[in-house]
Amino acid sequence: MAKQWEEMSPDEKQEEFFNRWLSPKDPQGNDLKFQSPQAEKGYKDRITRIKDAIQMKKLPDRVPFFVAPSFFPAYYSGVTPKDVMYDYEKCRMAFKKFVLDFEPDGNLGAYVPGPGRFFEILGYKLYSWPGHGVPPEQSYQANEGEYMKADEYDALIDDPSNFFSNTYLPRVFGALEGFKMLPVLTGILEIYGVAVNFIPFGLPPVQETYKKLFEAGAEALKWFGEMMAWNNEITSAGFPIVATGFSKAPFDVIGDTLRGTRGMMLDMYRQPDKLLEALDRMTPLMIKMGVGTAQMAGHPLIFMPLHKGADGFLSDAQFKKFYWPTFRKVLMGLINEGVVPMPALEGHWTTRLEVLQDLPKGKTLWMVDQSDMAKTKKTLGKVGCLFGNVPSDLLAVGTPQQIKEYVKKIIDAASKDGGFIVCNGAFFDQAKPENVHAMVDAAKEYGNVYK
Amino acid sequence: MAGNLVNALADLKEEEALKIVKDRLNANEEPLKILEDARKGMEIVGKRFADSEYFIPDLVYSGEILKEATELVKPKLTKATESKKLGKIVFGTVAGDIHDIGKDIVAFMLDVNGFEVIDLGVDTPAQKFIDKAKETGAPIVGLSGFLALSFDSMKDTVEAIQAAGLRDKVKIMIGGGQISEEIRKYTGADAFGKDAMAAVALAKQWIGAD
């Protein structure tokens with residue numbers, strides 16, 4: 001009899017996750033029907049190629065390649081970012097055309113645009129999106145702010161869920177104002193006085209907020225249904241979707257989401273102990289989030305965009321004190337549950353590589369943006385699989401010849417002994433299609449290095 | 001005594017720096033002298049940043065301490081500070097892009113290195129760069145951008161400056177995010193810089209300060 005999940009080692013759990021990924025299910029829970037035997041073979045070959053690159057136990061048949069766009073599929077298909085955020089049919093069409101034309105070994109699904117109407121219903125303030133603060137033909141952008149104030153660390157540390165529901169959410173979603181009045185649910189203890197806790201739900205602002213929530217929930221469900229249908233279609237055509245799940249480094253949770261860059265930087269000087277305590281408090285939540293989303297998606301890879309630990313954003317000492325310890329704990333917590341974290345080293349991380357390499361081998365997959373590839377291979381690349389590094393500026397304004405030379409250069413620098421996947425370095429919007437084709441062609445042409 | 005404020009600011013000792021400012025104000029010292037020391041402290045911060053001894057959080061924190069110190073001094077100021085600047089630079093993040101961290105770092109470094117930075121903020125239309133360059137007679141325009149969409153905004157801005165007949169009167173530098181020599185060629189700017197120090201070096205070179 002197969003071992004129970006709890007009895008498995010981290011290695012066995014990872015293997016089990018890969019097995020599940022190799023045997024995809026349809027929404028009814030039955031084995032997914034592939035469009036053709038070739039599609040099924042293509043799907044399994046691609047996953048095996050990715051798995052071999054990640055595990056670094058044996059060499060893949062060739063260097064795998066991903067293409068990781070932001071809104072590129074919209075431009076490429078002749079529609080706007082606004083179109084793909086508001087018209088799910090157009091979103092599916094654009095991302096499908098993109099996958100079928102470029103045939104990547106791994107793609108990121110069609111989740112990037114997200115549901116525009118949903119953001120509108122809730123009055124999301126953390127981002128400006130096409131038609132809402134930025135022009136219809138542009139990508140969304142974050143509006144960083146101090147959504148948590150400098151003196152609110154204790155509130156966050158005491159009860160993160162309550163802080164999010166009653167303080168953070170009303171600040172970033174205009175329609176959730178009423179949540180400021182929500183009761184503290186841990187105060188619901190016995191018959192005496194219990195009804196008092198429910199009074200807020202009778203108040204008009206709270207009721208209004210719930211009406212908006214029902215509306216937003218229905219829209220989210222509608223969008224997700226479209227995404228699931230897209231996933232089935234693309235998977236059954238033979239193309240694996242990598243990294244549906246999601247988590248973050250605790251430092252970025254505080255720095256991106258709650259305090260903002262400036263607030264976070266000042267906290268390192270003015271209240272370092274509170275900051276450290278909050279980072280600890282976020283750690284198990286980020287592990288649970290990553291494991292939960294991986295289990296839901298049925299495959300091991302989860303995406304972790306990294307921001308505030310990049311070169312220059314922190315001194316080496318600050319990186320080692322504030323960023324790395326809890327980030328490593330999250331990585332290890334995920335690895336122990338068989339999950340393969342896929343952190344994106346956005347920007348330059350060349351000075352962090354030696355610290356980052358303190359991890360078990362064959363358990364992680366790192367997106368490299370502008371860090372030095374040869375150096376990355378010699379450090380972090382000894383333990384983790386690397387992908388990325390083809391520059392956005394070249395994709396946007398370079399020539400196919402320049403792209404091919406670049407891909408050749410990074411394959412030479414990083415493909416030795418496996419553990420490497422060709423990909424662009426940063427999620428891109430504008431690019432010349434011929435340059436994206438050149439990246440894919442070069443990956444195939446120069447990627448046969450393991451024969 | 002005077003050395004204390006310079007060092008306290010340079011070493012990012014917030015409480016100490018503010019206490020010195022208060023003490024010196026209470027001793028009826030000339031406010032401009034206090035601000036001059038603060039400026040010297042910031043110069044050291046800038047130098048340490050250029051030497052990779054300090055990082056972005058140190059710049060942010062020093063800026064915060066300076067702001068608090070200036071607020072203490074302000075009520076006692078009788079005349080405006082006048083210090084000789086190397087030259088003016090019109091500076092901003094280009095249209096469509098709302099990123100400011102990189103822009104602020106470059107503006108800070110230009111400022112502590114003696115330039116007068118006219119910061120136009122983020123999402124700056126081309127016309128605003130043109131209007132400010134005309135109004136101030138600044139010989140340098142700096143365009144910042146983080147997103148790929150800024151490539152086109154920069155190109156449009158350079159073209160608009162050309163169309164306004166200013167192209168031979170200003171030197172244009174670009175920088176940020178994914179900016180490279182390829183993008184410089186694409187936009188028609190005069191130079192690009194990889195970091196804030198490169199911007200300072202370019203500005204000094206263009207203005208003939210070195």
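Me: How many residues does the contact take from chain A and from chain B?

Reply: In this predicted model, the contact takes 27 residues from chain A and 19 residues from chain B. Two residues count as being in contact if their C-beta atoms lie within 7 Å.

Me: Which elements give two or more residues to the side of chain A that touches chain B?

Reply: Those elements are α11 (260–270) and α16 (392–397) of chain A. The largest share of this side, six residues, comes from α11(A). By class, the side of chain A that touches chain B has 14 nonpolar, ten polar and three charged residues.

Me: What makes a residue of chain A count as buried, and what percentage of the 451 residues is buried?

Reply: A residue is buried if 20 or more other C-beta atoms lie within 10 Å of its own. Buried residues make up 48% of the 451 residues in chain A.

Me: What makes a set of residues a nonpolar core, and which residues have the most contacts inside the largest one?

Reply: The members must be buried residues of listed types, Val, Leu and Ile among them, joined through C-beta atoms within 7 Å. The largest nonpolar core has 200 residues, and A:V407, A:I421, B:L110 and B:V141 have the most contacts inside it. This core draws at least three residues from each of domain 1 (2–76) and domain 2 (87–207) of chain B.

Me: With which residues is B:V141 in contact, leaving aside its neighbours within four places in sequence?

Reply: B:V141 is in contact with B:V90, B:F129, B:A133, B:I161, B:V170 and B:I172.

Me: How many residues of domain 1 of chain B are in contact with domain 2 of chain B?

Reply: Nine residues of domain 1 of chain B are in contact with six residues of domain 2 of chain B. On the side of domain 1 that touches domain 2, α3 (31–50) and α4 (56–73) of chain B each supply at least two residues. The largest share of that side, six residues, comes from α3(B). The C-alpha centres of the two domains of chain B lie 28 Å apart.

How values were computed:
Residues are numbered from 1 along each chain as its sequence is written. Chains are lettered from A and ligands numbered from 1 in the order in which they are written. This is a predicted model: local features need pLDDT of at least 70, side-chain atom pairs count only at pLDDT 80 or more; totals for chains, interfaces and linings use all residues. A residue is buried if 20 or more other C-beta atoms lie within 10 Å of its own, exposed if 12 or fewer, and partly exposed in between; C-beta atoms are placed from the backbone. Domain bounds come from an automatic or database domain assignment. Helices (H or I, at least four residues) and strands (E, at least two) are DSSP runs, numbered from the N terminus. Ala, Val, Leu, Ile, Met, Phe, Trp, Tyr, Cys and Pro count as nonpolar, Asp, Glu, Lys and Arg as charged, and the others, Gly among them, as polar.
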